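Dear colleague,

I am handing over the structure below, and my notes on what was found in it follow directly after.

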Amino acid sequence: MNDRDPIEALESYYRELGEIPIPTLVNRRAIHWWEAAGGIAAGAAAVVVAVSICLNLGNSGAGPNPGLTEHQVRMAGLQIDALPPHRRTQGGRRWLV
Amino acid sequence: MEPIAAPMDWIHPRSSQSSDDFVREYRELVFRVALAVTGRRDLAEDVTQETLLRGLKHQRKLEDPARWLKVVAAKRALTLLKQKPHAEIAERDPATRPEESIAVAQTLAKLSPEHQTILALSISGGWSYEEIAEALGIPAGTVASRLHAAKEAFRKHWGVER
């Protein structure tokens with residue numbers, strides 16, 4: 001083996017690597033990771049919005065305090081129209097608080 | 001029959017290929033590139049996953065997905081090589097490694113990441129010079145000289161290693 005041509009040894013090495021079977025989990029891992037990432041992002045957004053809503057609603061005496069946009073509220077699955085009008089509009093945008 | 005999930009189809013309604021089909025079609029191609037460059041199955045799996053996820057994001061915009069994925073995988077694998085210490089890279093996949101392959105892996109680890117990558121792409125994958133140039137971010141006209149230099153470096157270190 002000492003007389004082996006180095007480039008031949010290199011080619012043999014890459015051939016051997018090419019025979020390693022591909023992991024069957026790659027497909028599912030990729031898909032599941034993607035799905036999980038989407039789910040985690042949506043879940044995290046919902047939690048943040050829900051916590052913010054709780055904090056803001058509990059802080060109603062603190063005066064004007066731009067909080068959540070209508071879009072964020074709708075993303076959290078809440079009904080913005082259920083809120084009193086003075087809590088819906090401020091400075092041309094809709095705010096909760 | 002196994003149900004085929006298509007979680008990305010609602011994001012890319014114009015794509016003609018479901019995400020499952022996309023992954024199934026290209027995962028071996030991407031994995032082989034990543035494995036050739038890194039020499040390690042665990043790193044290759046990471047590169048494969050990252051590359052396919054990026055591919056899924058851009059799926060509908062890709063004119064030549066295979067080429068795009070190959071280049072992205074090679075670039076990501078090269079980045080990993082640059083980040084890893086040589087000793088760690090020298091521990092290439094030990095699963096079926098005879099003595100000579102260990103020597104090859106140890107010799108490769110002494111080369112620069114760029115030389116390791118150009119050897120992997122040119123010898124293992126049958127890449128064109130244009131594809132190699134794109135993956136390495138170098139002019140196509142310099143690929144031949146870089147490849148020659150990489151082979152010379154390998155020969156030099158192989159002699160020391162033996």
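In this predicted model, A:Leu10, A:Glu11 and A:Tyr14 of helix α1 in chain A are in contact with B:Gln116, B:Leu119, B:Ala120, B:Ile123 and B:Ser124 of helix α6 in chain B. The axes of the two helices, residues 6-18 of chain A and residues 113-124 of chain B, come within 10 Å and cross at roughly 75 degrees, which makes α1(A) roughly perpendicular to α6(B).

As for chain A itself, its three helices and two strands follow the order α-α-α-β-β from the N terminus, and 28% of its 97 residues are buried. Its accessible surface is about 5900 Å², with 59% of that belonging to carbon and sulfur atoms.

Over all chains there are ten salt bridges. A:Glu8 is partly exposed at 41% relative accessibility, as is A:Arg4 at 27%.

Within chain B, B:Arg24 and B:Asp21 form a salt bridge at 3.2 Å, N to O, and both lie in helix α1 (residues 19-38) of that chain, three residues apart, or about one turn of the helix. B:Glu50 and B:Arg76 also meet in a salt bridge, at 2.6 Å from N to O; B:Glu50 lies in helix α2 of chain B and B:Arg76 in helix α3 of chain B, so this pair ties together parts that are 26 residues apart in sequence.

Best regards

How values were computed
Residues numbered from 1 in each chain as written. Chains lettered and ligands numbered in written order. Predicted model: local features only at pLDDT ≥ 70, side-chain atom pairs only at ≥ 80, totals over all residues. Heavy atoms only, no water. Axes fitted to C-alpha atoms, helices over the stretch in contact; angles between N-to-C directions. Helix = DSSP H or I, 4+ residues; strand = E, 2+ residues; numbered from the N terminus. Parallel < 35°, antiparallel > 145°, perpendicular 65-115°, else oblique. Contact = heavy atoms within 4.5 Å. Buried < 20%, exposed > 50% of the residue type's maximum accessible area, 1.4 Å probe, protein only. Areas by Shrake-Rupley, 256 points an atom, 1.4 Å probe, with all protein chains shown as cover. Salt bridge = Lys/Arg side-chain N within 4 Å of Asp/Glu carboxyl O.
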